[in-house]
Amino acid sequence: MIAPRDTINQSLRQFAASIQAPRLELNEEGVCAFTYEGKYEVVIEVPEEASQVYFYAPVITLPTKQPSELAGLYEKLLKLNAFSALTRGATVALDPRQPHILLCYQYPIHLMDEVRFYNVLTNFVLALDELHKQLSDFEFAVPEAYSVS
């Protein structure tokens, strides 16, 4: 049986080749972060002994406002999150480490192959793009560099 991280590294290499990008692979912590199509920071993470691969990306940097001033943004995010319909199965979350809103998705590694990885990742980016469009009426900063530590 192939180790979970090896399965994802194989899929990352195949994905990078398919989009003519530099080699992608998980680091020693099981994380791979890259810019997709020069537009979005995407993070793929496989914790040690994990059964899931995690995809996440910062959507916006939270503005430095009073919590009450963010009520409209939070309401919109919760509505978009309902049943994951508008997020293509992904969820919207507050980043516990940084002042960002994240789009998050997970998938069982034992069901993953190169084709499914490509489909899941491109679908995730389509959801990310749609989320940006849905939030276009709010003033916010798009994270330029996302720290995964």
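**Exercise 1.** Work out which residues Ile 8 touches, not counting residues up to four places away in sequence.

*Solution.* Start with the cut-off: a contact means heavy atoms within 4.5 Å. On that basis, Ile 8 touches Leu 26, Ile 44, Val 46, Val 53, Ile 109, Met 112 and Phe 117.

A quick word on the model: it is predicted, so local features need pLDDT of at least 70 and side-chain atom pairs count only at pLDDT 80 or more, while totals for chains, interfaces and linings use all residues. Residues are numbered from 1 along each chain as its sequence is written, and side-chain values use heavy atoms, leaving out hydrogens and water.

**Exercise 2.** Find which members of the largest nonpolar core touch the most other members, and which element gives the most to this core.

*Solution.* First, the terms. A nonpolar core is a set of buried Ala, Val, Leu, Ile, Met, Phe, Trp, Tyr and Cys residues joined through side-chain atoms within 4.5 Å. Buried means under 20% relative accessible area, exposed over 50%, and partly exposed in between (1.4 Å probe, protein chains only). Helices (H or I, at least four residues) and strands (E, at least two) are DSSP runs, numbered from the N terminus.

Next, the core: among its 40 residues, Ile 8, Ile 44 and Phe 55 touch the most other members. Two or more residues come from each of H1, E1, E2, strand E3 (52–61), helix H2 (71–81), strand E5 (100–108) and helix H3 (114–134). H3 gives the most, with eight residues.

**Exercise 3.** Is Gln 20 buried or exposed?

*Solution.* Gln 20 counts as exposed because its relative accessibility is 75%.
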